[in-house]
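Subject: Structure handover and notes

Dear colleague,

I am passing on the structure we spoke about, and I would be grateful if you could look it over beside the notes below.

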Amino acid sequence: MTLDMVTDVGEGSGDEEFESTLSNLRTLHLSRLTSYKRLLERAQASSAAQAYALQAELSILKGRLQSGSHNQSEQDSGEICVCGGRKVKGYWSGYDGDIVDDEGTGLAGALNGDGKGTFSEKEVKKAIRRLGREARMRLIGLILDSLLPGDIPLQILLLQKYLKSSFDIVGSLAPDLALRIFRHLSVTEVVKAGLVSKKWFALSRHPALWRWHCLRLTANDPIPVKAPAKPEGWYPLYRSLHHRESNFANGLPQSIKFLNGHTNFCTTLLLRGKRLISGSYDETIRFWDIETGEMKKCLQVKKPVSCFDFLAEEEVFVVGFHDVGRVHLFSSVTFTPLQQLAGHLNGIRAVALSSRNLVSAGADKALVCWDWRAGTKIVRFGQQTTVNIGVQLIGSPNAEEGERVVSVTIDGIVRVFSIKRREMISQFKLSELGSSDPLLSAKLWNVGAAPSNMLQWFAAKGTQMTCATKSIILHLQWTEDEGKPMIESGVISPAGNNTGMFSPTTTCSRTVSSLAKSTSSVATPATRQSLSVFVPATATRPRHSLGSPISSHPTGPLTSLRAGTPLSPISSGAIGAEGFSIRFGRAAILTAPPKLIALVETPDVAVGAVDPRKRRVVTATRFSSRAGADRRILISTHVDKDQAAADLARGDGEDLDGSTVDEDDSRFDNLKRSSSPASVVNIDTNIIPLGGAWAALAHAGGDLSKAKGLLGTLPSKFAGLAVPEKNPMSMQLSHEEVVVGCADGTIYVMNFVGHEYQKERASLREIGDFNDGEEDEGSDSSSA
């Protein structure tokens with residue numbers, strides 16, 4: 001037999017056996033390597049756990065050595081780890097004894113109860129909740145193992161009931177339907193619902209939901225909310241808006257900026273968007289940009305300014321002087337005088353300007369109505385009982401009726417005059433508005449009585465009107481016509497006698513103003529005919545003004561008053577100061593007394609302003625120089641009784657983090673007291689003083705230049721805001737700012753956007769005690 005023959009026999013069988021042997025050997029080695037690897041990993045984990053335990057023990061010993069004054073019970077009290085575990089007897093885990101905290105017993109003690117076979121369900125629940133997840137599962141297993149055979153079907157039914165109750169109905173719906181359901185929840189309820197499950201959390205953060213809440217929250221803002229760059233930005237935007245409203249509710253301005261320039265009493269202010277116009281006894285009118293604090297223009301008028309009004313679309317403003325019985329009409333484009341109208345025997349106290357008429361109230365107790373385009377007097381209404389504190393121009397839905405004048409005197413009498421008929425058409429006393437309500441009659445009977453209950457300031461907007469004495473603020477509403485709502489432009493402006501308000505516009509004919517033009521209000525007419533000059537349709541002329549954005553006029557007929565008079569474009573509807581139309585009520589019926597819708601009780605106040613859209617009032621006491629004088633600025637937001645009760649029931653009074661917007665219990669006590677069947681008017685007493693940035697700068701102390709929220713620099717020789725030199729002489733209020741003009745000429749702007757200052761929150765321990773008390777009451781009531 002040759003070698004070749006030997007090697008050819010069984011050629012394939014030798015290789016197969018060798019490969020199978022190698023495969024078995026490889027499998028054996030791999031299994032052993034895997035077991036060794038796992039053993040090493042376990043050893044490493046055990047070593048790490050032991051090292052961690054030693055470190056924990058070492059830190060405990062060090063703590064005991066450093067705090068020798070603490071007793072053993074304080075050291076062994078349970079601490080909570082960031083992961084939710086509890087430190088017991090000095091150890092983070094591995095303790096098998098019964099867990100006992102400072103204020104309760106362990107599970108064994110809770111089950112033992114009083115030793116007579118009864119135990120407290122509340123204590124058992126608290127003890128079980130303190131157990132870890134594994135301990136709870138072990139406890140459930142022990143309970144199931146200990147059940148009798150007859151108890152098992154009952155436990156199965158109970159578990160099936162819990163399983164059915166945990167079925168997520170909302171999460172199983174289509175996103176559109178789920179969002180519709182979430183829209184019916186308050187913001188606080190939406191935030192709490194996001195903690196239920198991941199699906200609910202995704203729904204609670206959906207951009208469409210927070211867009212809807214942003215639009216709802218800014219429905220009464222004069223400027224539409226600006227959409228964020230990305231849809232995800234709606235939720236942060238709502239948080240910012242919520243902080244703004246919460247800051248107003250709690251009286252917490254976040255920043256203060258000073259505008260320095262006037263050297264005497266700042267008697268009147270007009271806030272229009274981010275542009276401010278101020279008048280002073282230093283014989284100047286100044287135009288400001290409150291965002292930058294820059295003064296755009298200083299106009300020398302050579303007489304102490306007492307009041308003014310501004311007409312946006314015509315680019316004209318009227319000025320009344322303190323000791324001269326005439327009013328001056330200026331162009332806000334060229335700042336040149338257009339008219340000088342003399343008709344009073346003494347100084348001017350209030351003015352109101354519309355697209356056609358001008359009315360002035362003088363210290364001689366007379367009202368004079370003018371055709372300001374022609375410079376002629378229309379009618380003079382003779383001496384009133386006392387000096388007028390404010391005047392208002394209100395249009396009529398009937399073009400033949402023309403505009404009407406509403407005047408309010410300091411003795412609390414409201415008179416309505418028809419300019420076209422040249423007669424008084426109605427007269428009402430504020431003290432008689434509560435004749436049908438004994439409670440209101442007791443509060444209003446001396447309104448207007450000299451010397452301590454005369455009216456201090458006045459503001460008006462559309463069909464709403466606000467009058468204030470030293471002790472009460474009255475919110476009034478004229479009865480509205482049943483016709484179509486008029487469109488107007490919301491522009492903030494001050495009132496005569498140091499007040500602030502919005503002014504209206506119209507969509508009717510050129511001579512009719514559908515809504516009120518308040519004292520020193522800003523009116524925006526829709527259209528008007530040419531007075532003398534017709535410009536071809538191809539001619540256009542741009543105009544530039546501090547009062548409005550730079551724009552070009554559309555083609556069409558234009559008008560001219562005289563050289564330097566600005567032109568007004570033809571438009572199809574009233575456009576607001578920021579370029580959008582605003583609806584605000586209907587034409588008022590002035591032959592019936594106004595309805596008293598709210599009454600705010602205040603301390604001894606002297607000046608104020610109102611935001612009728614937000615139904616918000618800011619007012620200030622007189623900063624006298626006597627010792628112990630009350631020097632405060634106060635703010636109040638009116639809420640209807642029905643709305644407040646609904647918010648209270650739904651929990652809308654809570655902040656996004658669970659704290660209340662207004663934690664003062666007096667708010668709810670006042671709600672209950674004012675909601676009695678006998679009272680038909682909301683009586684508010686929850687007027688709160690300003691804190692935040694104003695309180696930080698109120699009194700001299702420390703380095704005020706480093707106070708939180710101060711923008712820019714302090715005025716020279718600044719000694720605080722709550723001093724006689726900073727006595728508020730005029731105020732303005734918008735949806736974001738409060739502007740105050742002082743006796744020394746200083747103007748400061750308080751902005752409420754931000755969260756530098758926050759209301760003090762209740763501590764977690766106080767909240768826990770409060771919740772425990774509620775649980776005790778609930779258990780007692782259930783047992784009873």
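The notes that follow go through charged pairs, cysteines, helix packing and sheets.

Please bear in mind that this is a predicted model, in which local features need pLDDT of at least 70 and side-chain atom pairs count only at pLDDT 80 or more, while totals for chains, interfaces and linings use all residues. Residues are numbered from 1 along each chain as its sequence is written, and side-chain values use heavy atoms, with hydrogens and water left out.

Charged pairs

Side chains of opposite charge can pair when their charged atoms come close. Taking a salt bridge as a side-chain nitrogen of Lys or Arg within 4 Å of a carboxyl oxygen of Asp or Glu, the count comes to 16 salt bridges. One of them joins Asp 221 to Arg 244, with the closest N and O atoms 3.1 Å apart. Asp 221 lies in the loop between helix 12 (207-217) and helix 13 (234-250), and Arg 244 lies in helix 13, so this pair ties together parts that are 23 residues apart in sequence. Here helices (H or I, at least four residues) and strands (E, at least two) are DSSP runs, numbered from the N terminus. Both Asp 221 and Arg 244 are buried, where buried means under 20% relative accessible area, exposed means over 50%, and partly exposed lies in between (1.4 Å probe, protein chains only).

A second salt bridge is formed by the side chains of Glu 245 and Arg 616, at 2.9 Å from N to O. This pair links distant parts of the chain, since Glu 245 is in helix 13 and Arg 616 is in strand 33 (residues 616-621), 371 residues apart. Glu 245 is buried, with a relative accessible area of 16%, and Arg 616 is buried as well, with a value of 3%.

Lys 274 sits in the loop between strand 4 (266-272) and strand 5 (275-280), and Glu 736 in the loop between strand 38 (728-733) and strand 39 (737-742), so the pair ties together parts that are 462 residues apart in sequence. Lys 274 is partly exposed, with a relative accessible area of 23%, whereas Glu 736, at 19%, counts as buried. Salt bridges that share partners join these residues into one network, made up of Asp 221, Arg 244, Glu 245, Lys 274, Lys 614, Arg 616, Glu 736 and Glu 737.

Cysteines

With a disulfide taken as a pair of cysteine sulfur atoms within 2.5 Å, a search of the whole structure finds 0 disulfides. Cys 266 is in no disulfide, and the nearest cysteine sulfur, that of Cys 742, is 7.8 Å away. Cys 266 is buried at 0% relative accessibility, and Cys 214 is likewise buried at 0%.

Helix packing

Leu 241 is placed in helix 13 and counts as buried at 9% relative accessibility. Leaving aside its neighbours within four places in sequence, Leu 241 is in contact (heavy atoms within 4.5 Å) with Cys 214, Leu 217, Thr 218 and Val 225. Leu 241 and Phe 752 are 511 residues apart in sequence, yet their C-alpha atoms are 9.9 Å apart in space.

The contact between helix 9 (residues 175-183) and helix 12 is made by Leu 179, Phe 182 and Arg 183 of helix 9 and by Ala 208, Leu 209 and Trp 212 of helix 12.

Sheets

Strands of a sheet pair through backbone hydrogen bonds, either parallel or antiparallel. Two strands are taken to pair if DSSP finds at least two bridges between them. Strand 31 (residues 595-601) and strand 35 run parallel and are joined by 3 bridges, and Leu 599 stands opposite Ile 683 in strand 35.

Another open sheet, of 4 strands with antiparallel pairing, has the order 32-33-34-36. Strand 32 and strand 33 pair in the antiparallel sense over 6 bridges, and the bridge partner of Val 607 in strand 33 is Ala 620.
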